[in-house]
Amino acid sequence: MSTRTFVILIVCFASIALSDDFKTINGREYKDATVSRVEPDGIVLKTKSGISKVYFTELPKEVQERFLPSPVKVTAAQRARIELKSWASAMANRTSYVLFFIGGASLVAAAVFAIVRSRLQ
């Protein structure tokens, strides 16, 4: 395990173990709350009254930045490679290929129908 990974794990566990007061942007307060886990869309808090999930959209920016991991920077070339892989795997799936073909045929049929209809009126 690298030193960087070790430090990140320590910081995560330290921030989760401490109780804190949280206040949402709507004014709801969570006193002496402990963060039990961080999920992709929010944090789960344990309080005296029970367990609550608070979404990141409900939290102030400072709290969001504290618990959200920094976004991974993906270059344009990496993004293109990911999209190409996704496209190739989708087309390798027979069902996806058939649905893609039916969708394209439906669009062409709708365009032809609209042209014919406009000329007949």
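## A β-hairpin pair and Thr47

In the hairpin of β1 and β2, with 5 residues between the strands, Gly27 adopts a positive phi near 100 degrees. Strands here are DSSP runs (E, at least two residues; helices are H or I, at least four), numbered from the N terminus.

This is a predicted model, in which local features need pLDDT of at least 70 and side-chain atom pairs count only at pLDDT 80 or more, while totals for chains, interfaces and linings use all residues. Residues are numbered from 1 along each chain as its sequence is written, and side-chain values use heavy atoms, leaving out hydrogens and water.

Let's start with confidence, given as pLDDT (the predictor's confidence in each residue, from 0 to 100). The protein chain averages 78, and 73% of the residues score at least 70.

| Element | Mean pLDDT |
|---|---|
| helix α1 (residues 3-17), lowest | 52 |
| strand β4 (residues 50-55), highest | 91 |

Where pLDDT is low, the predicted coordinates should not be read in detail.

Now to the strands, which pair if DSSP finds at least two bridges between them. Strand β1 (residues 19-23) runs antiparallel to strand β2 (residues 29-39), joined by 4 bridges; Ser19 has Thr34 in β2 as its bridge partner. β2 also pairs with β3 in the antiparallel sense, over 5 bridges, in a hairpin with 2 residues between them. There, Val38 stands opposite Ile43 in β3.

Thr47 belongs to strand β3 (residues 42-47). Its relative accessibility is 18%, so Thr47 counts as buried (under 20% relative accessible area; exposed is over 50%, partly exposed in between; 1.4 Å probe, protein chains only). Not counting residues up to four places away in sequence, Thr47 touches Tyr30, Lys31, Asp32 and Ala33, where contact means heavy atoms within 4.5 Å.
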